[in-house]
Amino acid sequence: MSNNKPFGARLRAAMDTRGPLCVGIDPHAHLLDAWDLPDTAEGLAAFTYGVVDALADQVAVFKPQSAFFERFGSAGIAVLEQATIQLREAGALVIIDAKRGDIGTTMAGYASAYLAEKGPLACDALTVSPYLGFGSLQPAIDEARAAGAGLFVLALTSNPEGPQFQSARTTDGPTVAGAVLDGLRELNADTDDLGSFGAVVGATISSTTENLDIHGPLLAPGLGAQGGTPESLTKVFGAAVRNVVPASSREILAAGPNPTALRQAATRTNDAYRTVLGY
């Protein structure tokens with residue numbers, strides 16, 4: 001699929017049209033069981049395509065978690081590949097949550113697989129880890145720019161272990177998270193509205209003194225079953241709240257497998273975020 005516009009512009013347009021909600025596709029074993037599906041590649045396929053069929057033409061953004069596909073080997077990756085194609089053909093954007101991070105040609109290999117326009121897992125954006133140094137992301141940045149794709153870089157995650165690294169001070173003075181946010185702000189500096197290089201900022205971090213105005217999207221996992229609420233987004237993100245991509249998974253997926261129930265759950269959740277984020 002050819003990307004005629006940069007990811008940031010396509011993301012803003014999709015959220016303006018369909019609302020800001022990002023639905024996480026996280027086929028945990030217990031969710032497969034709740035849908036009365038076996039914990040097998042066949043069960044994974046039935047679950048994933050059930051979500052795609054119900055929501056692909058309604059929701060702006062989807063975030064499949066690669067780990068839950070990878071655990072079934074090549075059969076699981078095939079489901080992820082096909083689901084990504086179907087979602088994008090329906091006009092949705094796909095962020096593959098793989099948190100890839102490496103150096104040199106290895107990072108370039110990941111970028112080629114996920115971000116290149118004709119890559120086997122070509123998606124609209126990829127989550128990446130900066131903890132080998134922000135500069136280690138350069139091959140992915142270059143590939144994303146060439147393909148009109150985007151990146152979401154881990155910055156302020158909501159897991160309790162995160163601050164051990166993210167709040168540590170760099171040799172130049174800012175925190176590690178602050179250095180990541182500064183790097184993203186620089187990448188997005190020439191963008192009029194929404195840049196293509198975003199940060200992952202947990203919706204349950206309560207608050208932060210970091211400057212979240214990076215002129216790019218802010219992927220906010222941790223909503224719904226993990227405790228984050230639409231109202232908490234204003235507290236966490238402040239003036240940057242308009243750029244938040246609120247990600248919710250179990251809150252919506254638990255309504256399945258009935259497609260009508262899935263659509264109703266997505267609509268309710270999306271409407272709540274529309275109100276808070278101003279869409």
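**Aromatic rings and their partners**

Analyst: W35 counts as buried, since its relative accessibility is 7%, and the cut-off for that class is under 20%. This is a predicted model, and two aromatic pairs are counted in it.

In one of these pairs, the ring centres of F7 and F152 are 5.9 Å apart and the planes stand at 90°, so the arrangement is edge-to-face; an angle over 60 degrees is what places a pair in that class. F7 belongs to helix α1, which covers residues 7–18, while F152 belongs to strand β5, residues 150–156, so this contact ties together parts that are 145 residues apart in sequence. F7 has a relative accessibility of 0% and counts as buried, and F152 is likewise buried, with a relative accessible area of 0%.

W35 takes part in a pair with F47, where the ring centres lie 4.3 Å apart and the planes meet at 45°, so the pair is tilted. W35 is found in the loop between α2 (29–34) and α3 (41–55), whereas F47 lies in helix α3 itself, so the parts tied together here are 12 residues apart in sequence. F47 is buried, at 0% relative accessibility.

A ring can also have a charged side chain as its neighbour: R242 lies over the face of Y279, at 4.0 Å from the ring centre.

Note on methods
Residues numbered from 1 in each chain as written. Predicted model: local features only at pLDDT ≥ 70, side-chain atom pairs only at ≥ 80, totals over all residues. Heavy atoms only, no water. Phe/Tyr/Trp six-rings, centres within 6.5 Å; stacked < 30°, edge-to-face > 60°. Helix = DSSP H or I, 4+ residues; strand = E, 2+ residues; numbered from the N terminus. Buried < 20%, exposed > 50% of the residue type's maximum accessible area, 1.4 Å probe, protein only. Lys NZ or Arg CZ within 6 Å of the ring centre and 35° of its normal.
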